[in-house]
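I opened this notebook to record what I looked up, entry by entry, in the structure shown below.

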Amino acid sequence: MEKRVYMDYAATTYTKPEVLEEMLPYFTEHFGNPSSIYSLSRETRKAIDISRDRVAKALNCDRSEVFFTGGGSEADNWAIKGIAFSHISKGNHIITTKIEHHAVLHACEYLEKHGFEVTYLPVNEEGFINLEDLRSAITDKTILVSIMFANNEIGTIQPIKEIGAICKERGVLFHTDAVQALGNVCIDVKDMNIDLLSLAAHKIYGPKGVGALYIRRGVKIDNLVHGGAQERAKRAGTENVAGIVGLGKAVELALTNMEDHNNRLVSFREKLIEGLMKIPYTRLNGPKGEKRLSGNINVCFRFIEGEGILLSLDDLGICASSGSACTSGALDPSHVLLAIGLTHEIAHGSLRLSIGDGTTEEDVNYVLEVLPGIIERLRSMSPLWDDFVKKGEN
């Protein structure tokens, strides 16, 4: 069998057997529509309620504040557009950052076409916002701040509690995209003053196409999907029962032994970073230590392009990424890497390795064994490297 080493867990994860096992009956035996009143449907309604309780426990909120969606991108869009259009009488100003997921950035760009003003906060070389920049950006027209919990490309974990405190102090709603954070970082929406939070199942070993939006009780928000009365009349459409069951089970598993999970990944992460930094002209992107997601490694190799690295790794059975999976077909360098101050030339040589529960010591060793040779070979064919060597630059 061909060797395969999967190091793209930030793009998606496999569905754990325990999750799939709990989902399967809802495709066959328990297939009733949750909106019907007979016993077959009451079984599916109960399953949804159990999943809602599991998500609520993970976030420290009430079950009535959890609304299931078709994924993280839908949750982001609902939070941003729903707040924007329901609060237009108060103001039309939204604050976000330059390194958000495109589900947030494109939703904000859409709103700009409809009369809203958006401030895109800069970040420093490690991807952190400046809290004083946030304070200064808030005006009497600001209705929403949307800042991601943890960055999907460079692993930066923002000071969410401090951000939430500033928003609460200024009377502005705070949304965070926690798709990458859930299962890796402790989340408490009450303690962190979070008003809205997005999450997705497929990042935590659950099924694709299902997520949730936490909406704090009392927050006024427009519907994104209109139709029936599902999700307390806030999100229409017959529920994806099996997917919701899978999300609930995945969340429950993610909370179990999270500390051990993170300690294991940090050990592998640090070994990978140490090994990769031995390759000449390599740059680590994002912060070091506890302010970085435990499974995230992002580096740039000068004088070559990420696409060549990925194709070479794939030939050897290694799955990796040069940035977000949602922009893998784009020719432009990562907007995140440009935002932290990299030039186009350096940003083009990026590699993201993201590790997870299936990662082994053997996998880590294999990557560190083959990658230096790949970089050396690609550089030998690079005119940028050739010019660099000829000039004798440092």
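I began with glutamate 22, which is partly exposed because its relative accessible area is 24%; here buried means under 20% relative accessible area, exposed over 50%, and partly exposed in between (1.4 Å probe, protein chains only). I noted that the model is predicted, that local features need pLDDT of at least 70 and side-chain atom pairs pLDDT 80 or more, while totals for chains, interfaces and linings use all residues. Residues are numbered from 1 along each chain as its sequence is written, and side-chain values use heavy atoms, with hydrogens and water left out.

I then looked up the partners of glutamate 22, taking a salt bridge as a side-chain nitrogen of Lys or Arg within 4 Å of a carboxyl oxygen of Asp or Glu. The side chain of glutamate 22 meets that of lysine 249 in a salt bridge of 3.8 Å, N to O, and this pair links distant parts of the chain, with glutamate 22 in helix H1 and lysine 249 in helix H8, 227 residues apart. Helices (H or I, at least four residues) and strands (E, at least two) are DSSP runs, numbered from the N terminus. Arginine 54 also forms a salt bridge with glutamate 22, the closest N and O atoms being 2.8 Å apart; arginine 54 lies in helix H2, so the pair ties together parts that are 32 residues apart in sequence.

Lysine 249 is buried, with a relative accessible area of 15%, and its side chain meets that of glutamate 252 in a salt bridge of 3.1 Å, N to O. Salt bridges that share partners join Glu22, Arg54, Lys249 and Glu252 into one network.

Is strand S12 enclosed or open? I found that 5 of the 5 residues of S12 (residues 350-354) are buried, so the strand is largely enclosed by the rest of the structure. On one side Ser350, Arg352 and Ser354 are buried, and on the other Leu351 and Leu353 are buried, which leaves both faces of S12 covered.

I looked up arginine 379, which is found in helix H13 (residues 361-380) and counts as buried because its relative accessibility is 4%. Arginine 379 touches residues including Tyr281, Phe301 and Trp385, not counting residues up to four places away in sequence, where contact means heavy atoms within 4.5 Å. Arginine 379 and glutamate 305 are 74 residues apart in sequence and 9.4 Å apart in space, C-alpha to C-alpha.
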